[in-house]
Amino acid sequence: MGKDGRDAERVTTTLTKRQKAELDRLAKAQGVKVAWLVRRAVEMYLDDAVGGPMLPLELEGGEDVKR
């Protein structure tokens, strides 16, 4: 499960044949696994839903802040 394996949960979903074929094509073209594409898509969706990445934000005073 990659580097996040200890803090991960498996999710099962159903895609259309077209969606799966397109993911397969993109994964092959980019040299990654379909699972990576799906995790990245979920990450991007969640970042967008909360207004941006949930990474530490460096402020002028050197203080890290999380949203």
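1. Where pLDDT is low, the predicted coordinates should not be read in detail. Strand E2, at residues 64–65, has the lowest mean pLDDT among the elements of the protein chain, with a value of 44.

2. Confidence elsewhere. Helix H1 has the highest mean pLDDT among the elements, at 98. Taken over the protein chain, the mean pLDDT is 81, and 70% of the residues reach 70 or more.

3. Overall make-up. The protein chain contains two helices and two strands. Read from the N terminus, the order of these elements is α-α-β-β. Of the 67 residues in the chain, 7% are buried. The accessible surface amounts to about 6,600 Å², and carbon and sulfur atoms account for 55% of that surface.

4. Helix H1. This helix covers residues 17–30 and has 14 residues. From its first C-alpha to its last, H1 reaches 20 Å, close to the 20 Å expected at 1.5 Å a residue. Gly 31 follows H1 and has a positive phi, near 70°.

5. Helix H2. Residues 34–49 form helix H2, which has 16 residues. The span of H2 from first to last C-alpha is 23 Å, close to the 22 Å expected at 1.5 Å a residue. Just after H2, Gly 51 also has a positive phi, of about 95°.

6. Salt bridges in H1. The model has three salt bridges by the rule applied. One of them joins the side chains of Asp 24 and Lys 20, with an N to O distance of 2.7 Å. Asp 24 and Lys 20 both lie in helix H1, four residues apart, which is about one turn of the helix. Asp 24 counts as partly exposed because its relative accessibility is 33%, and Lys 20 is likewise partly exposed, with a relative accessible area of 38%. Another salt bridge links Arg 25 and Glu 22 through their side chains, at 2.6 Å, N to O. Because Arg 25 and Glu 22 are three residues apart in helix H1, about one helical turn separates them. An α-helix has 3.6 residues a turn, so residues three or four places apart point the same way. Arg 25 is partly exposed, with a relative accessible area of 46%; Glu 22 counts as partly exposed at 33% relative accessibility.

7. Arg 40 counts as partly exposed because its relative accessibility is 31%. Glu 43 also counts as partly exposed, at 42% relative accessibility.

8. Contacts between the helices. Is Leu 37 buried or exposed? Leu 37, which is found in helix H2, counts as buried because its relative accessibility is 12%, and the cut-off for a buried residue is under 20%. Leaving aside neighbours within four places in sequence, Leu 37 is in contact with Leu 23, Leu 26, Ala 27, Gln 30 and Val 32.

9. Nonpolar surface patch. Which residues form a nonpolar patch on the surface? The patch consists of Val 38, Val 42, Tyr 45 and Leu 46, which together have about 390 Å² of accessible area. Leu 46 is placed in helix H2.

Note on methods
Residues are numbered from 1 along each chain as its sequence is written. This is a predicted model: local features need pLDDT of at least 70, side-chain atom pairs count only at pLDDT 80 or more; totals for chains, interfaces and linings use all residues. Side-chain values use heavy atoms; hydrogens and water are left out. Patches are made of residues with over 30% relative accessible area and no salt bridge: like charges are joined within 9 Å, nonpolar side chains (Val, Leu, Ile, Met, Phe, Trp, Tyr) within 5 Å. Accessible areas come from the Shrake-Rupley method with a 1.4 Å probe; for residues, only the protein chains shown count as cover. A salt bridge is a side-chain nitrogen of Lys or Arg within 4 Å of a carboxyl oxygen of Asp or Glu. Buried means under 20% relative accessible area, exposed over 50%, partly exposed in between (1.4 Å probe, protein chains only). The expected span of a helix is 1.5 Å times one less than its number of residues. pLDDT is the predictor's confidence in each residue, from 0 to 100. Contact means heavy atoms within 4.5 Å.
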